[in-house]
Amino acid sequence: MQRYKLLISVIFSVGLLLNLYSQTEVPVYLDEGKPIKDRIEDALSRMTLEEKVAMCHAQSKFSTPGCPRLGIPEIWMSDGPHGVRMEFDWDDWLHAGWTNDSCTAYPALTCLAATFNPDLAYRYGYSLGEEARFRKKDIILGPGVNIYRTPLSGRNFEYMGEDPYLTSAMVVPYIQGVQKNGVAACMKHFVLNNQEKWRDTINVVVSDRALNEIYFPAFKAGVQKGNVWAVMGAYNKYKNQYCSHNEILINKILKTDWGFDGVMVTDWGSAHNTDEAARYGLDLEMGSWTNGLTWGVSSAYDNYYLATPFLDKIRSGELPESLVDEKVRRILLLNFRTNMDRSRTYGRKLTTEHKSLAIRVAEEGIVLLKNENNFFPILEGKYKKIAVIGENAIKKLTQGGGSSELKPKEEVSPLQGIINRYGTENVVYSMGYASGAPDYNNVLPSPFDADSLLHAAVEVARSADVVIFIGGLNKNKHQDCEGDDRLNMDLPFGQDKLIGELLKVNKNTGVIIVSGNAVSMPWLDKVDGVMQSWYLGSEAGTATANIISGNTNPSGKLPFSIPKKLEDNSAHYLGEKSYPGDGTNQYYLDDILVGYRWHDTKKIAPLFPFGYGLSYTTFEYGKISTDKKKYSEYESVRVSFTLTNKGKVDGAESVQLYMSQKSPSAMRPAKELKGFDKVFLKAGETKVVNMTVEVKDFAFYDEKTGSWVVENDDFILHNAASSGDVKSSITIKILN
Ligand code: BGC
């Protein structure tokens, strides 16, 4: 009997232990030792249908709910792409007014592109990712890689210019830098959002060739080389289907052909239909209010296309549950890559490294366009009285522009930077012109009298030894701003007239244009010094003063062509069908001839070509040579030439490699960028520049076969200082 009792108690204890063990066993989805794929399937299998659907749409302006019951965290997002945006109210577009949500504002992406420096793009992405992580963001809504097709596009300042090679080369390290912090980059806006006018509805008609050669490459590189974890859809349509749920763009190209394994996010309010959102590749619906673009209904996240309507259709059997499973798998993968990766770092914010990086990018991006009679640099002590004129010398240009607005902890204005450098006693300021009050939706009239401002500035200029005019655009509506385009290419608010008046009283006047777009320059011949500057962020003034004073030698190069007049730009040359379209459709009649491809091929000289930028020193290019004369399609061409800094100051030159095909069977642009390298040289120093290009990159996209083709032909390689300044060329043969 005793023995029997003992046996029972042993069995009982073992059972108890087993039971305890099974209760403490880590579920597979939380077991870091298990493969991610298994963890995803396990998490998915534990979720109710309602929980799965909840993960596919917003719960607030910038977050999704996760699955609280299973401990799957919320996903928090922020714009993007130049810094971590300030916080918002839960359910409206009011700034939340926190006191701890300031950031480092990095220079806008046009400036980053103008550096032609991929190492800086990595550091930019990394620093931004650090700040995003510190602010507990899981996705940063950037980078923007839509192609600069027209100088009127309101968001060009958020993108990286007109060339697919340059944009691709810069976006990959940016993404890698961000994601190193366990924060997802969200590359946007896929695709063809190349103008803001009618962005919510316009259907873009474009050839497959232009898509593949011009508009896709940066996105493809971001997916395949950058391994980006999220992509945002564009507002517009392609083949009459909204881009955010587009069968061809997302299901076929992005997810199947390119193998994108991340999350496809809407732009805010860019979903329009439950069936399409469910079937055509959208994973996560975010929004401004409810049902797409309708404003005014609050806390209506359950009404989103991927919310209750989606749930109902699955419940009724109209849509299969496999559709939501596929979306949740991708969202869970993003969780595992970000907020469920316990090894990710904690981030940092507003460090001295962030600050010096912001300065460095700004300095390397400013482009010296003209420098007659050595107008620049304005060395300290050269002049007693420096007049600074123009509203952009004092305006906070990290604000405005739409979703890329930022709240920097500090913002050094150009005027402040100049005062810091030259001393208060040597600098006098006059505004000269004024824009209206900053407003994204309306153009409010300026409270100042234009004539009085002009008169006062002329008097200040008259009495100064040198005048630095700092103007341009300003991120108000129609002036480089999301939601609409510029109305023309001219400087607004009477700036051309003002510059003319300043020149009448003081010939020693230089102009600094702050913008993200090309502006017309009717006064160019009369001005000795001109710089193209950008929205430079927190340290705008420090960097501007460093360049003006010669403390840093400028090395930026234009990431877009500046046409002499708007009609010389390809999109505009071809009339309204091409830009802005007829309100329903827009036809990319310029096809692959975008930017310098157009100017070079059609022999329409720009005012300043793509890739152009001067330095305070001069560079001498040696003759280009290649390692061989004949190559097959699978080989690489090794190119070399010498580069010498012929001047008295150290400097950097972004050397460019262009390719032309001699007798192509299809039309090809006069030349295409295939490589670049930013070379730093001490005064008098010579370096051998080596570059490698793969022959497969000489291909064009053949629409008939839907494939990339390198033809047996002669190809000419050019080393160049810009698309308009070829230094030497060499012909090689491709024989397959
Ligand atoms: C913009 C996106 C942005 C989103 C969230 C949209 O209006 O087009 O680029 O990320 O808002 O602010």
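# Notebook: salt bridges and a domain interface

**Entry 1, a first pair.** I began with Lys628, which forms a salt bridge with Glu635; their closest N and O atoms are 2.5 Å apart. I kept in mind that this is a predicted model. Is each partner buried or exposed, or something in between? I looked up Lys628 and found 33% relative accessibility, so Lys628 counts as partly exposed. For Glu635 the value is 28%, so Glu635 counts as partly exposed too. The limits I used are under 20% for buried and over 50% for exposed, with partly exposed in between.

A reminder to myself: side chains of opposite charge can pair when their charged atoms come close.

How many salt bridges does the rule give? I noted 55. I then picked out a few to follow up.

Where do the partners sit? Lys52 is in helix α3 (residues 49–54) and Asp325 is in helix α12 (residues 321–337). The pair links distant parts of the chain, 273 residues apart. I also checked burial: Lys52 is buried, and so is Asp325.

Next I looked at Asp283, which forms a salt bridge with Lys255, the closest N and O atoms being 3.0 Å apart.

Which residues are linked in a network of salt bridges? I wrote down Arg155, Glu158, Glu196, Arg199, Asp200 and Glu482.

I turned to the domain assignment, which gives domain 1 (363–602) and domain 2 (619–734). Their C-alpha centres lie 32 Å apart. I found 10 residues of domain 1 in contact with 19 residues of domain 2. Between them the two domains bury about 1,100 Å², and 52% of this is on carbon and sulfur atoms. Which three residues supply more of the area that domain 1 buries against domain 2 than any other three? They are Lys557, Tyr596 and Asp600, with 43% of that area.

For polar contacts between domain 1 and domain 2, I noted eight residue pairs. Helix α19 (residues 596–601) provides four residues, the largest share of the side of domain 1 that touches domain 2. By class, that side of domain 1 has three nonpolar, three polar and four charged residues.

I finished with a residue in helix α7 (residues 208–215), Ile214. Why does Ile214 count as buried? Its relative accessibility is 1%, so Ile214 falls under the 20% limit. I then compared sequence and space: Ile214 and Asp591 are 377 residues apart in sequence, yet 8.7 Å apart in space, C-alpha to C-alpha. What is Ile214 in contact with, leaving aside its neighbours within four places in sequence? My list reads Ile147, Pro164, Arg209, Ile592, Val594 and Arg597.

Definitions and conventions:
Residues numbered from 1 in each chain as written. Predicted model: local features only at pLDDT ≥ 70, side-chain atom pairs only at ≥ 80, totals over all residues. Heavy atoms only, no water. Domains from an automatic or database assignment. Contact = heavy atoms within 4.5 Å. Buried area = accessible area lost by both parts, 1.4 Å probe. Polar contact = N/O pair within 3.5 Å; in protein donor to acceptor, adjacent residues only side chain to side chain. Helix = DSSP H or I, 4+ residues; strand = E, 2+ residues; numbered from the N terminus. Nonpolar A, V, L, I, M, F, W, Y, C, P; charged D, E, K, R; others polar. Salt bridge = Lys/Arg side-chain N within 4 Å of Asp/Glu carboxyl O. Buried < 20%, exposed > 50% of the residue type's maximum accessible area, 1.4 Å probe, protein only.
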